[in-house]
2 protein chains.
Amino acid sequence: MFPKIVRLNCFNDFKMLKRSLRNRPDFTKNRYKIPRGNYNYLHDDHIKYFRNLLGDERLIMDLSDLERYNVDWYKQVRGCSTVVLKPKTTDEISKILSFCNKENLAICTQGGNTGVVGGCVPVFDEIVISTELLNEIISFDENSGILTSQSGCILQNLDNFLAEKNFMVPLDLGAKGTCQIGGNVSTNAGGMRLLRYGNMHGNVLGLEAVLANGEIIDCLSTLKKDNTGYHLKHLFIGSEGTLGVITKVSIQCPTRPKFRNVALLGLQNYDKVLKTYRLVKHSLAEILSAIEVMDAGFMEFVKDKNNKKLPIDDYPFYLMLETTGSNESHDQEKLNKLFEEVIQKGLVLNGTVASDAKKVEEIWSIRDTISDGIKECKAVLLYDISLPLVHYYRIIEDIREYLGNKCLTVFGYGHIGDGNLHITIQLDNYDNQLKEDVENYVLERTLAYEGSVSAEHGLGFMKAHYLDKIKAKNTLNLMKNIKEMMDPKGILNPYKVIQKQH
Amino acid sequence: MFPKIVRLNCFNDFKMLKRSLRNRPDFTKNRYKIPRGNYNYLHDDHIKYFRNLLGDERLIMDLSDLERYNVDWYKQVRGCSTVVLKPKTTDEISKILSFCNKENLAICTQGGNTGVVGGCVPVFDEIVISTELLNEIISFDENSGILTSQSGCILQNLDNFLAEKNFMVPLDLGAKGTCQIGGNVSTNAGGMRLLRYGNMHGNVLGLEAVLANGEIIDCLSTLKKDNTGYHLKHLFIGSEGTLGVITKVSIQCPTRPKFRNVALLGLQNYDKVLKTYRLVKHSLAEILSAIEVMDAGFMEFVKDKNNKKLPIDDYPFYLMLETTGSNESHDQEKLNKLFEEVIQKGLVLNGTVASDAKKVEEIWSIRDTISDGIKECKAVLLYDISLPLVHYYRIIEDIREYLGNKCLTVFGYGHIGDGNLHITIQLDNYDNQLKEDVENYVLERTLAYEGSVSAEHGLGFMKAHYLDKIKAKNTLNLMKNIKEMMDPKGILNPYKVIQKQH
């Protein structure tokens, strides 16, 4: 069985982690200077309605209790909501939304509050609907591996439930112990093993959501094949709570693999990384479950900040690859054959492999503890992008050239199997103008290389301003028309993803 | 390498194949007696516009040439379109749609014309837009396995192209040699290996589509992770050409497996089928690529009609399972271990396995030739449904009980791994009232068992009347609102999926 690993592999762009993690951020409304939408302000009659519906204990109004719902987990943004509602059922959410829509009250749906683009905390005084009490597992079909639950179930809890039945959740995130399945679906979460198990659009078989006007949309199919009409569920996957509140989800879960191996390889340059990746894909094929790349800057950083000792010498590049399968010796034989080939072809300089849980964990921890090191930095800029693999590492070289000695280090690492790259830029001191320049430069380079400026994290509040720059007019208009049709008053998670003009 | 197999595994409900395949069907407008929408009729100025745009050779108006675009491949429905347009580019499609929208002319987009619910042929005189000349492969990234092409590329051609590079298309359909990728995407095609490679919503990374008003929607991402705004492409996946015309597609393609084994097992009852299926899923895990179930009625039928000899004796149930992997001896070892276990546990009575191409093909042909036999029947009713596995075979028993001696045989077979069941009912003579009664009974039973009345085939024209019966009011309204927003005049594939009131 797998060792438990808490992994923190997702960061937000443009933030100073040290500052943001230790101090409470300024109110977003002050920091970002955007106008409040013309929503109603909460008054006593509203509170009375909510109290009647939920009772005192599911209505949070105490200022100190409110804090954790108003601030995101990286402490980058801070809303000033004065009420958090904790419904337990779809019907309660339907009543809340119907009421808010009629009363023109803005709402912000919050799952585990582990998003990193400020998507799930209020910007102004939006009413927070916390899904934390929508935490029931509704059904699991051991024949098909299809799990149905309320949206507030914590991912790790679902996985623990499935582990007993030899199944697993089809996604693996650093925030597993806190994030909720509804949040995963609404942000179209990615993660480490997407290359093996596929994305949310493929794995979510059905969902139930409540529209802005309180109408319940029941697409809670638990079937792998169902071609009856428009596939509406996808409107809610990845739209970050701006089109509806997801209340129930059904997902297909793969069988839990019995064995795991992890290897760390040292390589000379990115060209060899790419060639090795291609070879790995074809020779490990069905047993490959993760493949991560890291450059020398990453390793230097991890060794320096986290006192990590590497099981192999220093190299310009590293690949960490994981296999999971149903037969230990088969998997090891495939790995050994691969190693022979890559060494013989001169693609890989050195490598080590682990199959026992402790060593597996030790190797993974090199990749996992990066966030701890970053937290210790004085000033750092972080990006999460995806790129075609041929350009994957060029952007790091571009940024190095662009910044010259204006920064301490630029390094890159990420899920190469998905073209997903995390960029870390370490600065001497935080500099607002430099941050803006780098942001523009990274955007320009990412678009030039036909990449995406948000691979896994969504747009939320902090990246919403990208939208006009990255989408064609017609595409943007279609998005706006959908938002207008489904939420004409714009009460659902305003100021996020697509910004309504007030 | 795999033997080439032409497989015909999808049928439509409620049809008499013998009659329909041999004779030209009546005009749909006469047979179904639905009113024509208030669209404009084609006149000379329209033709002049199309001729200017496309030239004579890409404008079909000759009656005998028109026939194959007006009749579906199972010869169930027949439109009376008088013009077929053959654009080559997105820009031409944009101009055609913009013009048709302005002139209130209805259109019907047609790919390979292999749909089986009458979705891709005109109902009345809709202008046919054939995508057959949109047949260019735009790019293939050998690093990521991402293929981008125009929508009119034939699936088999794409697979041949990929085979040379050791990749494969992620779906496998009987109509592979004729169907087009754009049609596959717009009907959300399923097929035999969905359980291994996932569905279209997971595999389509991007697409370009033209809206009713001629606007081009560019969602042609070639990235595995891209979380920037609403995931619009899913609106076009499975909406059967009623929301836009798909012009380009990018899909992720898995590496081509090197080895294949196929086994045929005999079992005593459905309970043991289900238990074996569960065991197979866990023990073959990463190498399982297809699992099909067939009952004794199916085998009797195939032996009788197709003169098939079985490699094993007669049993009440059969499982056919396929593995594909990167190491032949590993796969065979896993299979042998499985066989030992299922025999020892008394789950399976007998079995045979094949790994050389000829024998693999022989075993598959038992499953594949079913359609040839059906064509020989005097009268037959066919259904394609999906069900939770616990009820999967109960519906066959229900139908047998319901029909008693009113039919010759009822048998079932299908992709058990996806809960997808094909039902065949052989009648003495075709009987319209009986057909209607059975249709209602199957619908009622399918809904009672929480299944879907269209697993793989979509609603098209012939199943569109189900929609009101199977969707909740709110869900249906949302579908209608989307259609109204994206195609306010209802010119795109009218009378299909969602029927606009005229």
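V497(B) is buried, with a relative accessibility of 1%; here buried stands for under 20% relative accessible area, exposed for over 50% and partly exposed for what lies in between, computed with a 1.4 Å probe on protein chains only. The model is predicted, and local features are reported only at pLDDT of at least 70, side-chain atom pairs only at pLDDT 80 or more, while totals for chains, interfaces and linings use all residues; side-chain values rest on heavy atoms, with hydrogens and water left out. Residues are numbered from 1 along each chain as its sequence is written, and chains are lettered from A and ligands numbered from 1 in the order of writing.

Most residues other than glycine have a negative phi. The phi of V497(B), in contrast, is positive, near 55°. This residue lies in the segment that follows α19 (473–486) of chain B; helices (H or I, at least four residues) and strands (E, at least two) are DSSP runs, numbered from the N terminus. In chain A, N188(A) is another residue other than glycine with a positive phi, near 50°. N188(A) belongs to the loop between α7 (181–186) and α8 of chain A, and it is buried, at a relative accessible area of 10%.

How are the two chains related?

The contact between the copies can be followed residue by residue. In chain A, 91 residues are in contact with 90 residues of chain B, contact being heavy atoms within 4.5 Å. Of the interface residues of chain A, 99% are interface residues in chain B too, so the copies meet through the same surface. The area buried between chain A and chain B is about 7100 Å², that is, the accessible area (1.4 Å probe) that the two parts lose on being put together, summed over both. Carbon and sulfur atoms give 55% of this area.

A salt bridge joins the side chains of R278(A) and E142(B), with 3.5 Å from N to O. Among the elements of chain A that give two or more residues to the side touching chain B are α8 (194–197), β8 (216–219), α11 (270–284), α13 (328–344) and α19 (473–486). The largest share of that side, 9 residues, comes from α19(A). By type, the residues of this side of chain A divide into 32 nonpolar, 38 polar and 21 charged.

Over all chains, the structure holds 58 salt bridges. R367(A) and E292(A) form a salt bridge through their side chains, at 2.8 Å from N to O. Distant parts of the chain are linked by this pair, 75 residues apart: R367(A) sits in helix α14 (residues 357–368) and E292(A) in strand β11 (residues 288–295), both of chain A. R367(A) is buried, at 0% relative accessible area, and E292(A) is buried as well, at 0%. In another salt bridge, the closest N and O atoms of K345(A) and E341(A) are 2.9 Å apart. Here K345(A) is partly exposed, at 46%, and E341(A) is partly exposed, at 27%. In chain B, the side chains of D172(B) and K176(B) form a salt bridge at 3.1 Å, N to O, and both residues are buried. In chain A, salt bridges that share partners join D159(A), D172(A), K176(A), R193(A), R256(A), R260(A) and E322(A) into one network.

R58(A) is placed in the loop between α3 (44–54) and β1 (59–60), where it is buried, at a relative accessible area of 11%. Leaving aside residues up to four places away in sequence, R58(A) touches L53(A), V84(A), L85(A), K86(A), P87(A), K88(A), E92(A) and L133(A).

Note on methods. A salt bridge is a side-chain nitrogen of Lys or Arg within 4 Å of a carboxyl oxygen of Asp or Glu. Ala, Val, Leu, Ile, Met, Phe, Trp, Tyr, Cys and Pro count as nonpolar, Asp, Glu, Lys and Arg as charged, and the others, Gly among them, as polar.
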